[in-house]
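The sequence and the model come first.

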Amino acid sequence: MSDHSTIPKERATCSQATESLAVAAVPVVFLALILIAPFLDRPLLWGVNHLRYHETWVWALCVLILVFLSLPSVRARVLSVSFQGRTKSAWRSISIVLYGILFVGFSDATHLLGDGYLLARELEHGFRKIANEPLSFWLLHHSKPFAHALGVSSSMIYSVWSVVSGLVYVAMVPSFSRQIAESSSGRTTLSLFLLVPAYLQLFFGYHETYPILYPLLLGYVWLAVAAMRGRVQRWVVCGLLGGMVALHFTMATLIPSMLLLLVLSGRQQGRLVATVLTGGLAFMAVLTGLLWLVDFDLATHMRHTAKETLLPLLSDEDHSVPYGALSLDHLVEFANQILLVYTPTLVALPFVSRNFLRTRISVFLLAAALPGLASTFFGFTVIGAFRDWDALSFPTVFTTIWAALALSESVEWGRLRHLCCVAVTVCALQSSLWISVNADTDRSRNRFEDGLRYSNLSPRATAFGWETIGAHYLDAGDLGRASLSYERAIESDPRHPRYPNLLGFILMQAGDYSGAADQFELAERLDPERYEAPMNLGLSMIKIGKASEAVDAILRARDLRPDLARIRFALGVAYYANGDYRKAIDAYQAVLRIEPNLVVAHLNLGQIYGQVDEPAAKQHHFERVLEMEPQHLQADEISSWLEWYRRQ
């Protein structure tokens, strides 16, 4: 008589061994990936090649961590460590302090990713009303006077926006997990998963508008689940989403999940039409009210963004479009995006049971994530996916929550502890490598330049990237690298007049006025309707002793913009260099008609009047200099002359 009772035990033992091998395979596969990726240029695996920019000891440390992580005995020893004795509020406080130190201590060093430099300049000089994030820009713009009064620069405003958003996110995680997950294992898993993804880079002093969205995404899921359980009215969720869409229009991809929430609850209550109408009205009321508050011009926005929304399905590379949506190049870039920020989801996927997929919360989270993933895949990333990773990352919040809940529902607690240990360590290691690259100036520069050389970019995006890093080098005072960067921008997009103009400006600073003149001439040929190139060309000509040609160039600039005082001022300099003192006087007088209190114009006029032997006019303008700027560098010299002249 055979013993059939041993068969289930054998099967269970076999299943456990298979799962144990699968858990051990996760760090091994990840280790192989991060060791191979640094040596590949094409395709450039920028989503996982972070070791390319680190020292040898970091490579060795990663190998040790991941090899030991694959051993069950090591994981068991780690999991045996107990942290009991502290309250939940104490752990929350420790987390906030720890992450706050990390956010500031490892903050983004260069702001090369995204539109970091551009956003800071725009915040300094004006308010953009046609952006995809109207409410975010409005809030940042209106915080500027208060921040500047405290001595906080426009660049630092973005850093504060980033760090504060991160602290709010970290503070929300424990309470969020308690409300969303129904088991203690689910709460622990969810909390850990939310504290390790690579999108946390957004909180490390990152210069973008997106960071504030991430705690709000947690709030959206929190309220939606509470509404499913009958604790919150559905219209509250819809109103929150209306505000989020006003903050950034990509949040509109959450509308299908909102409609799903309304339809399901309406059917349950037998009030489908009323529920949908109430929720829709709340959404529209908040959205339209906020857009009205910020004076948003929808028509202008639609015209501005109409050509930069979706990738063509099949397309050859052109000036602005790098690839078609169904091309191999695009699949590589999309895979990089997934590898960078979706690591928790990738680790969890092989272990998720089918039963969880049909639960209400799973369906809701997938309805929130999939439209965002689709928009990521088909969206037109104008500046390139390796720079636009941030705008493409928000759906991972929902997939990370989904992955944590799926694991806690699909795997029994004993094996879940091992799997959670592996997943959290792998994700934390991936995020640490990525964040530490961006926290170091040299590493982030090298990564950025590699992206420009080897990533799949359009000529327009490549040129704009070289311009960005050129501006960074210029701010750092490295004129040689700045010049080289602008030369590469010209090579990438030889039709764009801005790049030779910028290169000419760098060459002027370096003292190469002849080379600068060549670049300004090129810029003027490319766009004869802009005044900057002929004005700068004239100033360069003065430096190389071609004053008459300088006058001609600046006159062309004056004809384009007769209202600008600086062009009239440059014309005065050119006339003076050419020996036409009377014309120089006329030019400076024109400057003062536009800007009556421009000290340097009064100073130059005083000096020229002295050369044409009109001391009374010289006295008048010198007195105006001292009146407006008593501590002027030439105040003593001017005062001595005025005293001598009065005695005469």
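## Helix terms and helix H14

The expected span of a helix is 1.5 Å times one less than its number of residues. Helices (H or I, at least four residues) and strands (E, at least two) are DSSP runs, numbered from the N terminus. Helix H14 covers residues 328-341; its 14 residues should span 20 Å, and its end C-alpha atoms are 20 Å apart, which agrees.

A residue is called buried under 20% relative accessible area, exposed over 50%, and partly exposed in between (1.4 Å probe, protein chains only). The buried residues in H14 are His330, Val332, Glu333, Asn336, Gln337, Ile338, Leu340 and Val341. Their cover includes helices H15 (343-348), H17 (360-378), H18 (395-410) and H19 (413-439).

## Model and confidence

This is a predicted model, in which local features need pLDDT of at least 70 and side-chain atom pairs count only at pLDDT 80 or more, whereas totals for chains, interfaces and linings use all residues. Residues are numbered from 1 along each chain as its sequence is written, and side-chain values use heavy atoms, with hydrogens and water left out.

The predictor's confidence in each residue is its pLDDT, on a scale from 0 to 100. The average pLDDT of the chain is 89, and 93% of the residues score at least 70. Contact here means heavy atoms within 4.5 Å.

## Overall build

The chain has 31 helices and 0 strands. Along the principal axes, its C-alpha atoms fill a box of roughly 130 × 60 × 55 Å. Of the 648 residues, 50% count as buried. Among contacts with a separation of 6 or more, 69% come from residues 24 or more positions apart.

## Helix H31

Helix H31 runs over residues 635-647. With 13 residues at 1.5 Å each, H31 should span 18 Å, and its end C-alpha atoms are 18 Å apart, in agreement. Ala635, Ile638, Trp641 and Leu642 are buried in this helix. Seen down the axis of H31, the buried residues fall within an arc of 130 degrees, so they line one face of the helix. The arc is taken from the directions from the helix axis to the C-beta atoms.

Asp636, Glu637 and Arg647 are exposed on the other side of H31. The buried residues of H31 are covered by elements including helix H29 (599-611) and helix H30 (615-628).

## Aromatic pairs

Rings of Phe, Tyr and Trp (its six-membered ring) pair if their centres lie within 6.5 Å; planes under 30 degrees apart count as stacked, over 60 as edge-to-face and the rest as tilted. The whole structure holds 21 aromatic pairs. One of them joins Tyr99 and Phe103, a tilted pair with 5.8 Å centre to centre and 55 degrees between the planes. These two residues are 4 apart in helix H4 (residues 88-105), which means that about one helical turn separates them. Tyr99 is buried at 14% relative accessibility, and Phe103 is buried at 0%.

Trp641 and Trp644 also form a tilted pair, at 6.5 Å centre to centre and 45 degrees between the planes. Both lie in H31, 3 residues apart, about one turn of the helix. Trp641 is buried, with a relative accessible area of 17%, whereas Trp644 is partly exposed at 41%. Tyr99 and Phe103 also belong to one aromatic cluster with Tyr169, Tyr199, Phe203, Phe204 and Tyr214.

## Cysteines

A disulfide is a covalent bond between the sulfur atoms of two cysteines. In the model it is taken as a pair of cysteine sulfur atoms within 2.5 Å. The count by this rule is 0 disulfides. Cys62 is in no disulfide, and the nearest cysteine sulfur, that of Cys427, is 14 Å away. Cys62 is buried, with 2% relative accessibility.

Cys421 is buried at 13% relative accessibility.

## Leu507

Leu507 lies in helix H23 (residues 498-510) and is buried at 15% relative accessibility. Leaving aside neighbours within four places in sequence, Leu507 is in contact with Ser483, Asp512, Tyr513, Gly515, Ala516 and Gln519. From Leu507 to Ala404 the C-alpha to C-alpha distance is 55 Å, and the two are 103 residues apart in sequence.
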